[in-house]
Amino acid sequence: MMILMQINQLTKRYGAELILSNIKLEIKTNDRIAIVGRNGAGKSTLLKIMAGILPYDEGEIHKPKEVTLGYLAQNTGLETEETIWNEMLSVFAELIETEKKLRVMEQQMGDPALTENQTRYEQLLHNYDQLQENFKKSGGYQYEADIKAVLNGLNFNEFDLDTSISELSGGQKTRLALGKLLLSKPDILILDEPTNHLDIETLTWLEGYLNNYHGAVVIVSHDRYFLDKTVHTVYEISRHQSKKYYGNYTKYLDQKAADYEREMKEFEKQQTEIKRMEDFIQKNLVRASTTKRAQSRRKQLEKMERIDKPKGDESSASFTFTINQRSGNDVFMAKELAFHYDDTEEAIFSDLSFQVSRGERVALVGPNGVGKTTLLKTITGDLIPSNGYLQTGSKVEIGYYDQEQNKLHSSKSVLMELWDDYPMIDEKDIRTTLGNFLFSGDDVLKTVASLSGGEKARLALAKLMMQKSNLLILDEPTNHLDLDSKEVLEAALIDFPGTIIFVSHDRYFINEIASKVLEMQPDGATIFLGNYDYYLEKKQEAFELAELKAQEQPTEEKQAVKSSFHEDKARKQELRKKERRIQEIESKIEELEAVIEHNEQLLCKPDIFQDHEKALALTSENEQVNEQMEQLMMEWEALQED
C-alpha cells in the first residue's frame, strides 16, 4: 500500500496565535480518514495546508510528485457562465482531445496516398493502436456515462443540462463543484463539509460513491452517520494537536472514552504511589536507622516519569429544555393540508394529514423542495395554508428554531439579544445562561452580525431554552453545530418533557431523537413509528415487496413465454417430422413406381410372358407394390391436409 502523503511535526500560527502544533498524519492508498474536532480547532486550516493553499510554519509534508490531489472547501460553488454539461465535460479535456486525434487518424487511414506507402501506413496503425489503448484505459469510452451517473446521484437528473450554472442557487453550485471534483478522480480527495446542501437521498448516494472510490479520501464533516458509513480512521484535533484512532466515528468515541478512563486510572494509581512514597520519606528521613532507605526512595521518586492528569474533553455547552406548563394530550393535528404561493398554482405539498400527541418526537423527512420548512412555518403561523386546516391543542406553547436564524437581530450584542426579551432577569443570570452556551467574558459583547454560524446557532438555542415552550418546532437545529454541541443538544432534547416536531438531514440526530418519522411527498405523507433506522428498514421492506410483485408479473409472463416457446418448439418439431415423412413417402413411391415399370418392361419380353410362372410372379409383385403405393398415397394425402 503506497503512502500518498505524510505530515510530520506540522505547526501553524496566525501571528502570535498558535493554531496547530506537532500534527502527525499519514495518508495511504484507499484510506478513508475523518478529521474531527471543535469549531475553531483548525480542521479547515489543516485541509488547506494539505491542499497547498496555506503555508505552514514548521514541520514537513511529503507527497510524491505523481500523486494528484483534489480539494473542496466549505460552500464552494462553481462560478461560471458555462452550461452544466460543458462544465462537467471540461474535466475530460485531455480525453476529448485524444478522441479528436483518433478521428483524424481514422480519416488518414482511408487516404489512398498513405495506404500505398507501407511503412508510413504501418506506423500510423501502430500509433493509432497505442493511442486507442491509452484512451480506453483512461475511461475514454465511459466518461459521458460517468458524468450522467454523478449528476443523477447529485440530484440533477431532472435538470436541463444546457442550463447555465450562473442561473443556479448557491447550494446547487456547491453540489456541482463536488460533482466536478469527484469526476476528476484525484489520488487524494479532500472534502471540507461535503454533506452541506445534500438531502438524505443524495447523502446515501455519496456514501456509496466514496466507499467505491479508487483513491484516498480525507473528510471534515459534522454528519456522524455519514462518517460512520464512510471512514475507518479518525484524527482528532484537540488543543492544537492530533491523535489517531482506528475505526469509524462511533468506534472513535468509544475508544476515546476508554482511553480517558484508562489514563485516569493510571494517573490516579501513580498519584497514590507518589503519596505513599512521600509519606515514607517524610517519616523515615530523620531516623538514623532508615535514612538510607528514605534517601533511596527519594531518588526513586525524583527519577519517576510523572503522568500528566488526562485533560479529557474541552469545555462543552451545558443546557436543558424545561417547560412552563404541560400541554393537553392532543398537541397538533393537520387535515388535508396544502400550500402554494400566490404567484403559482402548483402546490408545494397537498393532502397532508397527520396528528401529534404529547411527548412524541416527530422527524419530517423527504427530498429537498417537498416543503418541510414550509410545513413548519404553517405550524408556527408564519405562513397560512392554501387548503385544509390545522389545529393546535390546549395549553400548547410553540418555540421555533429557524435554520436561517432570521429571528436574531444582527445589530444587537449577544447579551442584549437575550436580555431585551427577558428584562426582568438579572444580568448575572443572563450571563450564566450564555456561559452555558459557551459565550464567556467579552464574548457576550460581540454583535450578532459578527458571530460565526455555530455561535449564532448556540445563541438561537439559548433563546429557545429561555422560552420554556412545550412544543419545539426545530428546522435543521444541528446545522453549524460542531459534533460536541450536537451531542449536548441531543442529550437536552432526549430529556425534554414536551413534544418535538423537527426537520433534519442529520440521520444520526434523527436516530437519537425521533419516536416517529413522517415522510413527506408532494401529495401526502406516510407515518413510520420508530427512528431513522426503523424508517429505512421499513422502506427497504416496501421496496423489496414492490420488486417481488414486479417480478411476479414478469414471472407469469416468462412462464407464458416459456410455455409458448415449448409449444412452438414442439410444433416445429412435428412439422419437420411430417415434412421428413412426406419426403420419405415420395421417395418410396418413386422406388415402387420404378419397380412396377421395371416389371412391366420384363413382362413385355417374349421369354418372360411365355413363361407362365415368371409372368405370374411379376404380375403378383406389381399388385403388391400397387397396393403398397395406394396406402402410401393415402398417408401422403392425409399429411398434406394437416
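User: Is E263 buried, exposed or partly exposed?
Analyst: E263 is partly exposed, since its relative accessible area is 26%. Buried means under 20%, exposed over 50%, and partly exposed in between (1.4 Å probe, protein chains only). Bear in mind that this is a predicted model, where local features need pLDDT of at least 70, side-chain atom pairs count only at pLDDT 80 or more, and totals for chains, interfaces and linings use all residues. Residues are numbered from 1 along each chain as its sequence is written, and side-chain values use heavy atoms, with hydrogens and water left out.

User: Which residue does E263 form a salt bridge with?
Analyst: K243, and the closest N and O atoms are 3.5 Å apart. A salt bridge here is a side-chain nitrogen of Lys or Arg within 4 Å of a carboxyl oxygen of Asp or Glu.

User: Which residues are in a salt-bridge network with K243?
Analyst: D259, R262, E263 and E266 are linked with K243 in that network.

User: OK, what about R103, what does it pair with?
Analyst: E99, with 4.0 Å between the closest N and O atoms. Both are in helix α3 (residues 93-109), four residues apart, about one turn of the helix. R103 has 38% relative accessibility and counts as partly exposed, and E99 is also partly exposed at 24%.

User: And K446, which partner does that one have?
Analyst: Its side chain meets that of E455 in a salt bridge, at 3.3 Å from N to O. E455 counts as buried at 17% relative accessibility, whereas K446 is partly exposed at 30%.

User: How many salt bridges altogether?
Analyst: The count comes to 34.

User: Switching to the whole chain, how many helices and strands are there?
Analyst: There are 20 helices and 18 strands. The radius of gyration is 42 Å, well over the 26 Å from the globule rule for 642 residues, so the chain is more spread out than a compact globule. That radius is taken over C-alpha atoms, and the rule is 2.2 Å times the number of residues to the power 0.38.

User: What does the C-alpha trace span?
Analyst: About 165 × 75 × 70 Å along its principal axes.

User: And how much of the chain counts as buried?
Analyst: 41% of the 642 residues.

Conventions:
Helices (H or I, at least four residues) and strands (E, at least two) are DSSP runs, numbered from the N terminus.
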